[in-house]
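Hello,

Here is the structure I promised to pass on. Have a look at it first, and then read on for what turned up.

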Amino acid sequence: MRDKKIDMVELDKMVEYAMAHGANYFDTAYMYCDGRSESVVKEAVVKRYPRESFWLTTKLPQWMMNGIEDRDKIFNDQLERTGAGYFDLYLLHSVENGANYEGYVKYDCFQWAMKKKEEGKIRHVGIAFHDRAEVLEQILKEYP
């Protein structure tokens, strides 16, 4: 980004170079680039390459949820923004004790994500984690 604008010409060159050299994993998130990242991925990757030729990851931001219904609202927005049809990897974003973990539990996001996987909208479910090892052990015990 330059002056809050995304340089699509430069981004297209970067994606072309990456794809030509075997780097086909693209990571985005709902709030990246002031909420424009997923739409930019649609233009730079999804519209330009066969869907099976790349991996796309995005993330559910619990702190942007005000209720359980926001899981599907955000997810459906992400599918629309990216135009990808499904996500190769879908992460619960910034899972930390005392911050977002409790919200993910409250809104049953772990089970919800597994249901999306069963529906074929997510190939792999994971977490983006930024905490201590004992917190990770707790999460893995509660949600193997």
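With a relative accessibility of 0%, Phe-75 counts as buried (buried means under 20% relative accessible area, exposed over 50% and partly exposed in between, with a 1.4 Å probe and protein chains only). Trp-112 is also classed as buried, because its relative accessibility is 6%.

Before going further, please keep in mind that this is a predicted model, in which local features need pLDDT of at least 70 and side-chain atom pairs count only at pLDDT 80 or more, while totals for chains, interfaces and linings use all residues. Residues are numbered from 1 along each chain as its sequence is written, and side-chain values use heavy atoms, with hydrogens and water left out.

Now to the aromatic rings. Rings of Phe, Tyr and Trp (its six-membered ring) pair if their centres lie within 6.5 Å; planes under 30 degrees apart count as stacked, over 60 as edge-to-face and the rest as tilted. By this rule there are 8 aromatic pairs. In one of them, the ring centres of Phe-75 and Tyr-90 are 5.1 Å apart and the planes stand at 75°, so the pair is edge-to-face. This pair joins distant parts of the chain, with Phe-75 in helix H4 and Tyr-90 in strand S3, 15 residues apart. (Helices, H or I with at least four residues, and strands, E with at least two, are DSSP runs numbered from the N terminus.) Both Phe-75 and Tyr-90 are buried. The rings of Phe-75 and Trp-112 are also edge-to-face, because their centres are 5.6 Å apart and their planes are at 90°. Phe-75, Phe-87, Tyr-90 and Trp-112 form one aromatic cluster.

Next, the core. A nonpolar core is a set of buried Ala, Val, Leu, Ile, Met, Phe, Trp, Tyr and Cys residues joined through side-chain atoms within 4.5 Å. The largest one has 31 residues, and Phe-54, Leu-56 and Leu-60 touch the most other members. Among the elements that each supply at least two residues of this core are H1, H3, strand S2 (55–60) and helix H4 (70–82). Leaving aside residues up to four places away in sequence, Leu-60 has contacts that include Ile-74, Tyr-90 and Trp-112 (contact means heavy atoms within 4.5 Å).

What about helix H3? In H3, 7 of the 10 residues are buried, so this helix is largely enclosed by the rest of the structure. Its buried residues include Val-40, Val-41 and Ala-44, and the buried residues of H3 pack against H1, S1, H2, S2 and H4.

Finally, the pockets. A pocket is an open set of points on a 1 Å grid over the protein atoms alone, where a 1.4 Å probe fits, with protein on both sides within 12 Å along at least five of seven lines; lining residues have an atom within 4 Å of a point. The largest pocket has a volume of about 340 Å³. Its lining has 19 residues, and those closest to its centre are Ile-6, Leu-11, Met-14, Cys-33 and Val-40. H3 gives the largest share of that lining, 5 residues. The second largest pocket holds about 230 Å³ of space, and its lining includes Leu-92, Phe-110 and Tyr-143.

Enjoy exploring!

Key: Grid points are joined across faces, edges and corners, and a volume is the space filled by probe spheres set on the points.
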